[in-house]
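This briefing is meant for a reader who is meeting the structure for the first time.

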Amino acid sequence: MTLGHEFGAGAACLKCKDKCEGFELHFWRKICRNCKCGLAEHDVAMNSEENKKVGKLFEDTKYTGLIAKLKTDGLPSYRGNMITISLPVTYEWAPPVANKYLAVRYIELLPPEKRPVAGTEGAAYRRQQMARQLPEHDQDPSKCHELSPAEVKQMEQFVRKYKDEALGVGDVLLPEEMALVQAGGSGGYARVAVRDHSASTSSCHHCQQPMRLGEPAVYAERAGYDKLWHPACFVCCTCNELLVDMIYFWKKGKLYCGRHYGDSEKPRCGGCDELIFSNEYTQAEGQNWHLKHFCCFDCDCILAGETYVMENEKPVCKPCYMKNYAVKCSACQNAVEPEAQRVSYGEHHWHAEPECFKCSGCSKCLMGQRFMAVQGFLFCSVECKKKTMA
């Protein structure tokens, strides 16, 4: 058994390169302690973990149509991790359809940079979206940080609800040749080959453009089989990203990825990235936070009642700001405090005070005056510049 904090330990960061000493999981933030990037940005083999996550997501579903589909097609995953459909191309994932033409054509209709071809940016994109769209901590209380028994119960009810009411997997079919009809009274679904004479006039539910005969379309059973999408249009209504492995959540006439379905149901903590199941939480800077997680992004000190600064949309305490983020005054070389007024020109900064923002030649205060800046020096006139720079 591998502990959560051991998985991926030491892996190189693909984004930060040598700046990161190797992946080290923060004990509740879901990011690397060294570089602040997520696990998906590190060089970690994720196939086995993704299989487990997808399996966990679809276990114990009560949706009879989905059960029938899973029994026929299997889980929407890898069938041996890699799928070779048409040599020499190997896909990390392909839709589980019997017709290989449909599977290959489906992938060809995706944007080139998003096709899950092994070893390409498309494969990396898919892995990142798997982590982003289907966070484990949205489906498994054991992956969350210190939930109370009441919060665990609420989360289990939340998971039960989306499995019963929203979760689904897209079908790839030819619109003019295939349709799904509900088998009367059986509680299951049967796939029936028909000639749909209206198919030539069908339009994509997302872009409203017509579907082409002979081209695969994506159906979502939760939405009803009167709706269909182009492969590149089967996207989340919030982030507009391709729904990874065609896993969707259907709510009030819209497709969501797992993350944004969760966001539509519960507030999400800006600190730990988990959904909040407690009645008590705080709101700051346009985000929601567990009370214990409104902390400095650098040192984890609690910020309630303390001065903080937002850096890259993350709260930072004043000492960490002064140490890691504050700019230096070009005149006195001291860090500029967050509450202090300052003047910036290009890459140079000054305290907005007479002692610092003054002519380098005659020491005249330049507050509210015209000035010129040369290599970090300030001048009130061409004459002062000539005297000083000579």
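Which helix gives the most to the lining of the largest cavity? In this predicted model, that helix is α4 (residues 121-133), which contributes three residues to the lining.

**Cavities**

- A search of the whole structure finds four cavities of 30 Å³ or more, and the largest of them has a volume of about 140 Å³.
- The largest cavity is lined by 14 residues, and those closest to its centre are Lys114, Leu242, Leu243, Val244 and Asp245; by class, this lining has 10 nonpolar, one polar and three charged residues.
- The second largest cavity has a volume of about 90 Å³, and of the 14 residues that line it, Pro135, Asp138, Tyr162, Phe249 and Gly258 are the closest to its centre.
- The lining of the second largest cavity divides into eight nonpolar, four polar and two charged residues.

**Confidence**

- The mean pLDDT of the chain is 83, and 83% of its residues reach 70 or more.
- Confidence is highest in strand β9 (residues 254-256), at a mean of 98, and lowest in strand β6 (residues 189-193), at 33.
- The pLDDT is below 50 over residues 77-84, a stretch that has 29 contacts in the model beyond near neighbours in sequence.
- Residues 179-200 also have a pLDDT below 50, and this stretch has 36 such contacts.

**Asp226**

- Asp226 lies in the loop between β7 (217-219) and β8 (247-251), and it counts as exposed because its relative accessibility is 59%, where exposed means over 50%.
- The C-alpha atoms of Asp226 and His205 are separated by 9.4 Å, with the two residues 21 apart along the chain.

How values were computed:
Residues are numbered from 1 along each chain as its sequence is written. This is a predicted model: local features need pLDDT of at least 70, side-chain atom pairs count only at pLDDT 80 or more; totals for chains, interfaces and linings use all residues. Side-chain values use heavy atoms; hydrogens and water are left out. pLDDT is the predictor's confidence in each residue, from 0 to 100. Helices (H or I, at least four residues) and strands (E, at least two) are DSSP runs, numbered from the N terminus. Contact means heavy atoms within 4.5 Å. Buried means under 20% relative accessible area, exposed over 50%, partly exposed in between (1.4 Å probe, protein chains only). On a 1 Å grid over the protein atoms alone, a cavity is a set of points where a 1.4 Å probe fits but cannot get out, and a pocket is an open set with protein on both sides within 12 Å along at least five of seven lines; lining residues have an atom within 4 Å of a point. Grid points are joined across faces, edges and corners, and a volume is the space filled by probe spheres set on the points. Ala, Val, Leu, Ile, Met, Phe, Trp, Tyr, Cys and Pro count as nonpolar, Asp, Glu, Lys and Arg as charged, and the others, Gly among them, as polar.
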